[in-house]
Every structure is written in C-alpha cells, then in structure tokens.
Amino acid sequence: MPCEKPLLSIIVPVYKVENYLQKCIDSILAQTFTDFELILVEDGSPDGCPALCDAAAAKDARIRVLHQKNGGLSAARNAGLDVARGEWIGFVDSDDYIAPEMYETLYKAVQSTGADLALCDYAAVDEAGIPCLPPYTGLAQRIFTGRELLKKATNTMAQPAWNKLYRRVIFAQLRYPEGKLNEDIFVLPEVCLNTKKAVVVPKELYYYVQRGSSIMNGSKTLRHFDAAEAAQRYWNCLVENEVYDALANAAKFTMGSVSRVYRQLPTALRKAPRSQEMLRMQFDVVDRTRQYCTVPAGLWLQSLLLRLFPREYMWLRNIKGWGELKIA
C-alpha cells in the first residue's frame, strides 16, 4: 500500500515523450531514497504516454497518475503541486533521468544543514547518455541564505527547477506561470526569497537530455522572448528588495536574453511589435541600473546599439574580439 504521507513528492510532467518516459520512471523507482510518491501528470499527450503512465502505476503503488487536458509544462507542474502530499518536493522532466542516489544525497544535505532547499550539479547529455556540452561553472559556495542565492540566480546551476529538493512550504503560495516558456526563471526569485537557507551539493546527479525536438531547441519565435521577460522580472525583484550589488549582472543577463532571441528570429519577426518592445526594454533595464550601481561602459554602449541599430549590432558582434564585454 502507498504511504499516506510520503516524505517526498516527485512531480513529472508528461507530454510527447514516449521514447524517453520509461527510462525516466525507472531512474526514479531505482532511488536509494524510497519514501516518496511519484506523480505523473499526463498533460493530454497524443502518443503512447497515457498508457505508459497507467501501466507504471499498476506495477508500483507509489505512482499516482493525473490525466488532464494539455496545458503545458507549468500547468502540469502546478497540477502536481496541488495534489502533492510530501513534506519535500522534487521535479524531474520526463525526457531526463536521475542518478540512483540523487534524492538520498539531497535529503541528507538538507537534514545535516537545516536547509529548505538543496541543489546539485547536472550533466547535459545526448540521447545515448554521452556528455554533449562542455563543463560549466557551478556554485563554489556550499551554504547560501535565500537572499545570497537570489544574487546567483543567473548561474546555470541555480536556474532549473529539476536539480533541486524543496521544502514544501516554498511553494505554499507559489505556482508556475502558465503559458510561458522559461517558467523556471519566472519563479526563481520567489523560490529564493521563500528560502531561509540553501545547500549546494557539487555532484552531477541529474541527467539533462539534449534532444533536437525539445521545446527549447526548436526555431526561435516571439514566444522565446519569455526568457527576457523573466530576466526583467528578476531585475525588478532585485530592485524591490534593494539587492543592488547584483543589478549589473542582472542587467547583462536581461540584455543577453533579448539579444540571443532577436539574433535567431526570422527577419520578418524582428520588426514585430514584441521584438521592438524587447529592444526598448533591455536598454531601459541597463540604463536604469546606473541609478543604483556602476554599469560597465561596454554593456551600456552595446545595449544602446542593440536598441537603436540592431542590424549594426549583430554585424559588429560577429567581429572577433569586438568590445570588452561579450554578451550572450
């Protein structure tokens, strides 16, 4: 019989991952930490995923399946949060998989430190499990207050929802924004502010599968400016909480988020109202940052150039060694 009050609720949104789902489920069921419920939120998937979810639940009493009309990743995570019974929350994306010791390691870390949040390194791998991206710089510091972690929110270890163990209270009044891409970054400021203490586990315990058909690897559309909107929200959160020493980095992050999408848009979409609004927004953020702290001259000049002369900006940034500051 399933435990009525499992210690951990693991939420897995499921949509069009028929070729990956079983490996994901198997990696969770193989956890050395066993006091969990696995909530599979089947988000109206048109392939064989609904049957796979039901078959898995029939074999293991710890698995619960929610079938719902397609609403996207945020809606699926929110549905899982609404029914989760655990004191702790974890997320796994259904095309990824995790190391057998992941949740035991993270739970021991929060228990030994009294933290509300634990986060681990992850490995970006191809569909065969072979590393496909160069190593990134993780968080060197081991213990953070929530406010300190907020300053590090642009770090690639801090951003994802899925390499973490959360005390449930963090999500008591917090849900993911439905209909948005980059939903992790949208809620990250609130996650940090709802956290008293966070602990970093410098081990690769999560395997982030890079597949060409994933939502973030397709051609760029105006929707991908959601990343820039999330970055702006992060900048606003820093201002509201008077965390001024992280503002310059947040401004760079915002400008880079706009630049990255704009450069990959079809030419016609660069003239769309949302594109123009994003060009204005990124410069406004960089320019306003100067009210609170020193902004590198190179950042301000590149931001201004992107705002006023985007074609020239794109041409210049392709010149090797151009500028003192390389924007993403």
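Reply: Happy to! One term first: a crossover is called right-handed if, with the strands pointing away from the viewer, the path from the first strand over the helix to the second runs clockwise. With that in hand, let's turn to strand E2 (36-43) in this predicted model.

E1, H1 and E2 form a right-handed β-α-β unit, and E2, H2 and E3 form a right-handed one as well. On one side of this arrangement, E1 and E2 pair in the parallel sense over seven bridges, with Pro-13 opposite Val-41 of E2. E2 and E3 also run parallel, joined by six bridges; here Ile-39 has Arg-64 in E3 as its bridge partner.

How much of E2 is buried? Eight of its eight residues are. In a regular strand, side chains alternate between the two faces of the sheet. Both faces of E2 are covered: Phe-36, Leu-38, Leu-40 and Glu-42 are buried on one side, and Glu-37, Ile-39, Val-41 and Asp-43 on the other.

Helix H1 (residues 21-29) fits into the picture too. Its buried residues include Leu-21, Cys-24, Ile-25, Ser-27 and Ile-28. These cover an arc of only 160° around the axis, so they sit on the same side of H1. An α-helix has 3.6 residues a turn, so residues three or four places apart point the same way. E2 is among the elements covering the buried residues of H1, along with E1 (8-14), helix H2 (49-59), E3 (63-68) and E5 (97-98).

Technical notes
Residues are numbered from 1 along each chain as its sequence is written. This is a predicted model: local features need pLDDT of at least 70, side-chain atom pairs count only at pLDDT 80 or more; totals for chains, interfaces and linings use all residues. Side-chain values use heavy atoms; hydrogens and water are left out. Buried means under 20% relative accessible area, exposed over 50%, partly exposed in between (1.4 Å probe, protein chains only). Helices (H or I, at least four residues) and strands (E, at least two) are DSSP runs, numbered from the N terminus. The arc is that of the directions from the helix axis to the C-beta atoms. Contact means heavy atoms within 4.5 Å. Two strands pair if DSSP finds at least two bridges between them.
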